[in-house]
Amino acid sequence: MPVATGTMYDSIQVSLLTCQPHDEVYSLYGHTAIRVENPARNMDVAVNYGVFDFNTDNFVMKFVFGHTDYMMGIFDFEEFLREYRYYGSGVYQQHIDLTTAEKAVFMHLLAENARPENVVYRYNFYYNNCTTRARDIIYSCLDSIIGARGASGETFRQLIHTKNAGHPWACTGNDLLLGVGSDRVATREEAEFLPENLMRDFDSVLVKRHDGTVRPLIDTAYWVLQPGTPRINEDFARVTITPLQCAWAFLCAVLAYVLLTVTMQRKNPGAEAKWIMMTDYGVCCIYAAVGLVLYLMLFSSHPTVRINLQMLLFCPLWFLAALPRQSNRKGWGLMAVVLGLFFAGNTVQDYAEGVNILAVALSAIVGRNIWLSQKKC
């Protein structure tokens with residue numbers, strides 16, 4: 001779309017904004033927005049594709065099942081900075097070198113995005129989020145793009161861990177829900193779902209114009225808001241015990257219980273059999289209850305949660321297989337086989353921290369019951 005110089009687009013400046021994370025859960029991965037300035041019209045706004053309403057009915061459930069709608073919002077730039085200034089998070093600005101014609105295309109695309117029928121979009125954490133949306137609208141107004149591509153060298157799960165490793169409960173929760181698909185190595189482009197990765201890649205992108213000339217996408221970059229003193233989320237600060245510590249404590253309790261019950265039944269076969277069977281069943285029901293949540297992921301729209309081998313440990317089948325009966329050899333045998341498949345699954349999926357320890361705990365109960373049933377034969 002040829003556009004003559006001296007038009008209203010000449011004074012427009014477009015920049016990518018990369019916002020540092022802060023300790024609110026929704027911000028652990030950082031954020032991306034676009035700054036649009038037009039000094040000739042006294043305009044300075046931030047285009048934000050990450051607007052959502054946390055008070056929407058069943059927001060968490062919709063998010064988990066991939067039915068969350070986000071929207072594009074346009075805010076006064078100083079108003080946009082207010083949140084990050086409050087939390088002490090820096091905002092890095094990369095000014096994008098656009099021709100007048102490219103600016104015209106960008107503003108046209110922005111106007112299309114802002115139309116009522118287009119402003120809302122179906123959010124996907126990996127493939128269609130606030131960062132990928134900002135990238136795509138910028139790339140759409142450019143000529144041929146030359147940039148580093150290929151594999152990122154990290155899986156989707158590893159990429160997420162770079163951001164939530166300091167928050168073990170959030171990390172474990174994510175890893176419980178994420179399946180085999182998250183252990184695929186992401187391409188360089190796919191890894192740009194994280195704001196810092198897109199910021200890094202933009203520094204190396206070149207744009208080839210129709211006349212054959214090549215120029216860097218970014219001409220200047222600087223902190224438009226310097227990082228300050230981080231504001232600590234007290235909810236996170238109060239949590240001192242980790243999922244891994246809980247898993248080890250649970251394993252120790254189960255092993256002590258198994259050792260006690262084996263000793264009791266060796267001295268007096270059948271001693272307290274009903275109490276032991278009910279306790280075993282209660283433990284198995286805890287695993288099965290967690291499994292109900294994981295099995296619901298089979299109906300999620302997120303492509304990387306449906307095949308999750310952790311379902312072999314947290315399996316609703318335990319409600320039936322572990323039924324407290326005097327002779328339940330088949331049930332315990334079936335559980336042993338499924339747990340064996342779970343441990344083998346470590347070769348294709350990275351499980352959540354502590355999950356293998358919980359599997360050892362359940363295996364101890366299953367193994368004891370198989371051993372006792374064989375002694376009765």
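**Strands and salt bridges**

Visitor: Which residue in β2 is the bridge partner of V14?
Guide: The model is predicted, with local features requiring pLDDT of at least 70, side-chain atom pairs counting only at pLDDT 80 or more, and totals for chains, interfaces and linings using all residues. Residues are numbered from 1 along each chain as its sequence is written, and side-chain values use heavy atoms, without hydrogens and water. Strands β1 (residues 13–19) and β2 (residues 31–38) run antiparallel and are joined by 7 bridges; strands are DSSP runs of E, at least two residues, numbered from the N terminus. In β2, the partner of V14 is V36.

Visitor: Which are the edge strands of the sheet?
Guide: The open sheet has 7 strands in the order β6-β4-β3-β2-β1-β5-β12, paired antiparallel; pairing requires at least two DSSP bridges between two strands. The strands that pair on one side only are β6 (120–122) and β12 (218–225).

Visitor: Is R35 buried or exposed?
Guide: The side chain of R35 meets that of D44 in a salt bridge of 2.7 Å, N to O (a side-chain nitrogen of Lys or Arg within 4 Å of a carboxyl oxygen of Asp or Glu). D44 is partly exposed at 24% relative accessibility. The relative accessible area of R35 is 8%; under 20% is buried, over 50% exposed and in between partly exposed, with a 1.4 Å probe and protein chains only. R35 is therefore buried.

Visitor: What relative accessibility does D201 have?
Guide: D201 forms a salt bridge with R200, their closest N and O atoms being 2.9 Å apart. R200 is partly exposed at 37%. D201 counts as buried because its relative accessibility is 1%.

How values were computed
Helix = DSSP H or I, 4+ residues; strand = E, 2+ residues; numbered from the N terminus.
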